[in-house]
Amino acid sequence: MEKNRKNQDINIDDYTMKRMAVMSIPIFMELFLQLLVGNMDQIMISRYSQNAVAAIGNGNQIMSILIIFMNVVGSGTTIVLAKYLGANNKEKVAETCTVSIAMITIVGFIASFILVVFHMPIFRLMNVPEEILSDASKYMSIIGVCVIVQAIYIGFGAILRSYSMNSTITVISFTINIVNVIGNAILIYGLFGLPALGIVGVAISTNISKCVGLIIMLIVFKKKLEIKLSFKYLRPLSTDTIGKILAVAIPSGAEGISYNISQMVVLGVVNTFGTYVVNTKVYVGMAANVAYIYSVAIAQALQVVIGYVIGAGRKDLVAKKVWSVQLVATVVSVGLSILLYFNCRAFVGLFTHDERVLALAQQVLLVEIILEVGRSINLVMVKALIATGDVKFPVVCGIICQWVAAALFSYILGSVLGLGLVGVWIALTMDECSRGFIYVIRFKMGKWKQINTT
């Protein structure tokens, strides 16, 4: 499909549930490899220093907020491009690609600046323990420099994804992961006569892998796609194209930014419980990522298909595809979370032998099973609503639930009532389940059917 996509029209009837499941596999592999890149630092440093694990965990929470800006531009690009591909409008495809890359580069530059200059005041606000503050600062100072590289990578990845070139992105992600693992092994532990750099080595290795990934992505883009990026689309800027991308990016981005800031507040609560509890949150978070990552993948595949369907004027097919994907996502996510619960000590034991961490992780993963029911519904439904043009409602609903259920109740249940990390996870479950339930009702009401998305 990748080789011929640029010369083929979209056949909507081909996008059955089986076809979407096939589409989701390379997306899943890409996301899983990206997850490894994000977590490999913590996995490999765990053998070197447990304090460094907590430091990277806090640093990555800040970085997530900045990266969300870039991801929403990429998501908006994917949706807009899918509609133009469905309509076979090649001129608009080229224009959208050019404008999107320009936008995401600017966002990446701003994100890099914020991360390098302002990370320390943010750490203070997050109650980061003093014993890990120095490591966290070193890590963020280095990682922040290459955020702009990651931004451009995300921009080109969004374009390739619109052309269903997910397997290619998977190969690139795999390459990034291999480079990162090798770099970590050499720089953390000081192989081949090099000094052992610890957390500094982690940051340097991560930056090198991102640069390698971007170079490969640019080569693939040039060779595989007949898209001519041109400054003519920027002089003057196409306000229509920018508006269509931002119409999706800003509302969904506001929800994503709100979520990650609320998670910073939650982490601030967890930081008051001590370093071993922070480490437990990091390890349980890794397990949770494994449980819900396929839901993210198939929801992304669904979003692209909805774009094709709407672009071809077939809104009547949307609901059937959404409910089919929802069933698969929930079964997989909940099934994996149950499996992880019963194998908690084996999984978390890969990173630490601290009995306090192992016991606490077991309790939290029990709550995680219920959380995954709500999260799988939430992930699919919010993607469906945004792809159909109903983007404002998820923002309002998301912000309210994130701050009332997740942030406020994390403090109440975790600190005031003394339930600790288990109480925090109950609050997170309240957030995910309440949002998922509301989104289902919203979708069933069918307001998206009256929205003009052309």
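Predicted model: local features only at pLDDT ≥ 70, side-chain atom pairs only at ≥ 80, totals over all residues.

Me: Is Lys 210 buried or exposed?

Reply: The general idea is to compare the relative accessible area with a cut-off, since buried means under 20%. Lys 210 has a relative accessible area of 12%, so this residue is buried.

Me: Which residues are in contact with Lys 210, leaving aside its neighbours within four places in sequence?

Reply: The partners are Met 63, Ile 143, Cys 146, Val 149 and Gln 150. Two of these names, Val 149 and Gln 150, return in the contact that α5 makes with α7.

Me: At what angle do α5 and α7 pack, and how far apart are their axes?

Reply: A helix pair is read from an angle and an axis separation. Helix α5, residues 147–162, packs against helix α7, residues 199–224, at about 35°, and the axes are 9 Å apart. As for handedness, the crossing in which α5 passes α7 is left-handed.

Me: Which residues make the contact between α5 and α7?

Reply: From α5 come Val 149, Gln 150, Ile 152, Tyr 153, Phe 156, Gly 157, Ile 159 and Leu 160. From α7 come Lys 210, Cys 211, Gly 213, Leu 214, Met 217, Leu 218, Val 220 and Phe 221. Sorted by class, the contact of α5 with α7 comprises twelve nonpolar, three polar and one charged residues.

Me: Turning to the whole chain, how many helices and how many strands does the protein chain have?

Reply: Secondary structure is read as a count and as an order. The protein chain has 14 helices and zero strands. Its pattern along the sequence is accordingly written with α elements throughout, α-α-α-α-α-α-α-α-α-α-α-α-α-α.

Me: What radius of gyration does the protein chain have, and what would a compact globule have?

Reply: The general idea is to set the model against an expectation for its length. For 454 residues, a compact globule would have a radius of gyration near 22 Å, and the 21 Å of the protein chain agrees with this. A box of roughly 55 × 50 × 35 Å along the principal axes is filled by the C-alpha atoms.

Me: What share of the residues counts as buried, and what share of the contacts joins residues 24 or more positions apart?

Reply: Of the 454 residues, 58% count as buried. Among contacts with a separation of 6 or more, 83% are between residues 24 or more positions apart. The accessible surface of the protein chain is about 18200 Å², and carbon and sulfur atoms account for 69% of that area.

Me: Where is Asn 58 found, and is this residue buried or exposed?

Reply: Asn 58 is found in helix α2, residues 50–86. Its relative accessible area is 0%, so Asn 58 is buried. Leaving aside neighbours within four places in sequence, Asn 58 is in contact with Phe 123, Met 126, Val 128, Ile 132, Leu 267, Asn 271 and Val 278.

Me: How does one read sequence separation against spatial separation, taking Pro 26 and Ile 298 as the case?

Reply: One sets the number of residues along the chain beside the C-alpha distance. Pro 26 and Ile 298 are 272 residues apart along the chain, with their C-alpha atoms separated by 9.9 Å. For Asn 58 and Ala 301, 243 residues apart along the chain, the separation is 31 Å. Pro 26 itself has its place in helix α1, residues 17–45, and is buried at a relative accessible area of 19%.

Me: Finally, which value of phi does Asn 127 have, and where is its place?

Reply: Asn 127 has a positive phi near 60°, and its place is in the loop between α3 (90–125) and α4 (130–143). Asn 127 counts as partly exposed because its relative accessibility is 41%. Phe 192, also not a glycine, has a positive phi of about 55° and lies in the loop between α6 (166–189) and α7. With a relative accessible area of 75%, Phe 192 is exposed.

Technical notes. Residues numbered from 1 in each chain as written. Heavy atoms only, no water. Axes fitted to C-alpha atoms, helices over the stretch in contact; angles between N-to-C directions. Helix = DSSP H or I, 4+ residues; strand = E, 2+ residues; numbered from the N terminus. Left-handed = near helix turned anticlockwise from the far one by under 90°. Contact = heavy atoms within 4.5 Å. Nonpolar A, V, L, I, M, F, W, Y, C, P; charged D, E, K, R; others polar. Rg over C-alpha atoms; globule rule 2.2 N^0.38 Å. Buried < 20%, exposed > 50% of the residue type's maximum accessible area, 1.4 Å probe, protein only. Areas by Shrake-Rupley, 256 points an atom, 1.4 Å probe, with all protein chains shown as cover.
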